[in-house]
Amino acid sequence: MTGLLWVTVPYVAFTSFLLGHIWRYRHDQFGWTTRSSQLYESHLLRWGSPLFHFGLLAVLGGHVLGIAIPASWTAAAGVSEQAYHLLSVSFGTLAGLATVAGLGILLYRRSTVPAVRKATTTIDKGMYLLLSAAIGTGMLNTVGSNLIGGGYDYRATVSPWFRSLFTIHPQPELMAGTPVSFQIHNLVVLALLGLWPYTRLVHVFSAPLGYLTRPYVVYRSRDANHPGARRYARAWEVSAPPSARR
Amino acid sequence: MKLMAQLAMVMNLDKCIGCHTCSVTCKQAWTNRTGVEYAWFNNVETRPGQGYPRQYQDQQRWKGGWTLTKRGRLTLRSGSRFKRLLNIFANPDLPTVADYYEPWTYDYDNLLSAPAMDTTPVARPKSLITGEDTAVTWGANWDDDLGGGPQQVSRDPVLAKLSAQVKLEFEQTFMFYLPRICEHCLNPSCSASCPSGAVYKRSEDGIVLVDQDRCRGWRQCVTGCPYKKIYFNHKTGKAEKCTFCYPRVEVGIPTVCAETCVGRLRYIGVVFYDADAVLAAASVPDERDLYPAQLGVFLNPHDPRVVAEAERAGISQEWIEAAQVSPVYQLIVDYQVALPLHPEYRTMPMVWYVPPLSPVVDALAGTGHDGENADNLFGAIDALRIPVEYLAELFTAGDVGPVRAALRRLAAMRAHMRRVNLGEPVAPEIAESVRLTPTEIEAMYRLLAIAKYEHRYVIPSAAGADAHRLDALATGCSLDSDGSPGMTAFDVMDGKFHLTAHPSDTNGAAAPADKARRINLLNWDGKSTNGLFPAVPISNGPVSNGQISHGSATNGAEPVAERTR
């Protein structure tokens, strides 16, 4: 059971994440978009979206710090366990609160604004469910276990387990004794990672940082890149009637 | 110098009767799809009026186009690149669908399916966004013909720039129609706003397009365009815009809006310009210098040095010859009667307008004067502040000089041609008073009034084998017949905008279910009516009037039926 949950499940999720993205990038450039709903409604989004996104970016940074970087490294850098705990709990709580507030506004908006609700697809709903669960359980861990409770040193168990997955020497036994709330959080996040490439979340990987350095106006030659060359090829191949094509 | 070619358009506003045929045919060809119901790549707005989307010209609010920094450098009005990226999660300067209008349809089915009752069933308006009942309160041309009265008209942002006195007199004075498409600017701020680099200017013909595969839906281009001519497809999550009907112009036929223009007021031609000079011209400190600065960017295609440079740039002989007889270049540079729309946005727009003289003539005639008399007209152009100042706010950043000059030339042409037509002796001083010769003024008259199709549209086709391939697309080929793997323009559209669902599409089809059965004007070359009328199966009843009058009931219907593939 431990092996299934903490070796098989993560590798399945990672495989889906990786191959899913490659497949989607190669075959569905047209669907690769934020599918913004700002055109329908702007006022709630103005508050909810930046709160959520900036909060989540901070949360992500915190996870990198807490999971990717071993405790021994921070200790070597002169950061005591107590100082780390204080930092992670305070900033984690702040970032988490911003994320939860943003998500709350966005979910409220999505469920109450008719146009936005109508534009929500099935996979969107699944994604929102997993995302909310991931953020909710994460918040529970930070606030419940680490702020109010006595604190749990996940850097001794969860973090090394997660890193062990990438060295191809998985150590599922590290996860065996962890609190249930941490286990649930991990499983929810793994499920979210598995679903990721098939949702709008792919837009994360299109963060347009190149915009800061490229020339303002983009020129492209009609001949050089053969826009639509692939499409013409596909159109010639397809010669079935509309019923068969759909 | 970096010589580039640009396909540009001029519209003669004196001839626009506001019939919206251009808008309707454009919509029929390009935007009758789910997600862009509210989008009109071509729209016709009544001036004065709010325009579409409402008050789009108010750049204090919408932050479109370029502005100068304190140090005189050109920057997006909506802020630096860094600021744009910080605003990427919620764009504060994005119009919502309410600023355009909520698209709607009617519940026609209720008219047929309602049970028998005392009252007549009605077709309720239904929102195309939510599918719910809706109240229709605004549309793309709601204030058409000054509809809505002074309350609506006074919200015109251009009017707000004029003095109070002018505003009060305004609604008694004049109105005219302004058809608008994408300006295909030399310095496009939409492209500059796009974080993904998906909005690009084609280096062969200057057409500004959105790469549907690269667009990630950051919607910054909608803010960047001061003309609000980029639309966000809310179904596919991608930006879309006027394409200058590139599948058509690539094979040498005009855009759908120009092809179907009832007043024949549109001109399409090639203009050569110096791409290296664009930035400096767009950065001149005084907004009123932008119109002359843009004129300075254009290159004279008759100059041997320009021709040599064009050849060096790899521009084909066909294009050089087209530039030399370009009606657009003649109207913009030779006669200087065409003016750019809102040069103060600093985007160097390339759809120019011959300002309307009719309001001046009408005002003159209204006071009992002879509206065709040169002296009366010249006097009126100088004395009538209102139309001229309003036109100047539209076309020359408020500088009345060029507008007066253009109107005086139109007035001189009118007066001169009346003498010619009435057999009166020609008075050369009329032409001379606007620095033209009688021969020139008659040539200008021919171009503006009676020019034939091939003189209004001088469009060189795209080069080489590519043109051959596209030729087959836009005009239909023999393989389009029953069961053959033929390609139609619909397939081009289908490929670009994913009209029919492809297996990998995550959003489903962007087209209504019967899209494939609808007629696509993109195919139409203006030469025949074949395929323009829907096929009616014989078994369904008598042949409709339309088909009888066109005498092509079977022949005309067949290609449409074939396009259902």
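Two strands count as paired if DSSP finds at least two bridges between them. The model on screen is predicted.

Stop 1: Select strand 10 (residues 230-233) of chain B together with strand 11 (residues 238-241) of chain B. The two strands run antiparallel and are joined by 4 bridges. In one of these, Asn233(B) has Lys238(B) in strand 11 as its bridge partner. The strands form a hairpin with 4 residues between them, and Gly237(B) in the turn has a positive phi of about 75°. Now show the side chains of strand 11 of chain B, which is covered on both faces. Lys238(B) and Glu240(B) lie on one side, Ala239(B) and Lys241(B) on the other, and all are buried.

Stop 2: Move to the open sheet of 3 strands, ordered 1(A)-8(B)-9(B), with mixed pairing. Its edges are strand 1 (218-220) of chain A and strand 9 (208-210) of chain B. Neighbouring strands are turned by 45° against each other on average, direction ignored. Strand 1 of chain A pairs with strand 8 (residues 199-202) of chain B in the parallel sense over 3 bridges. Pick Tyr219(A) to find its bridge partner in strand 8, Lys201(B).

**Stop 3: two helices in chain A.** Select helix 4 (residues 81-112) and helix 6 (residues 122-148) of chain A, whose axes come within 10 Å and cross at roughly 150°. Angles over 145 degrees count as roughly antiparallel, and the two helices are therefore roughly antiparallel to each other. The crossing is left-handed. The contact residues divide into 10 nonpolar, 8 polar and 2 charged. Among them are His85(A), Gly92(A), Gly96(A) and Arg110(A) from helix 4, and Asp124(A), Tyr128(A) and Met139(A) from helix 6.

Conventions:
Residues numbered from 1 in each chain as written. Chains lettered and ligands numbered in written order. Predicted model: local features only at pLDDT ≥ 70, side-chain atom pairs only at ≥ 80, totals over all residues. Heavy atoms only, no water. Axes fitted to C-alpha atoms, helices over the stretch in contact; angles between N-to-C directions. Parallel < 35°, antiparallel > 145°, perpendicular 65-115°, else oblique. Left-handed = near helix turned anticlockwise from the far one by under 90°. Contact = heavy atoms within 4.5 Å. Nonpolar A, V, L, I, M, F, W, Y, C, P; charged D, E, K, R; others polar. Buried < 20%, exposed > 50% of the residue type's maximum accessible area, 1.4 Å probe, protein only.
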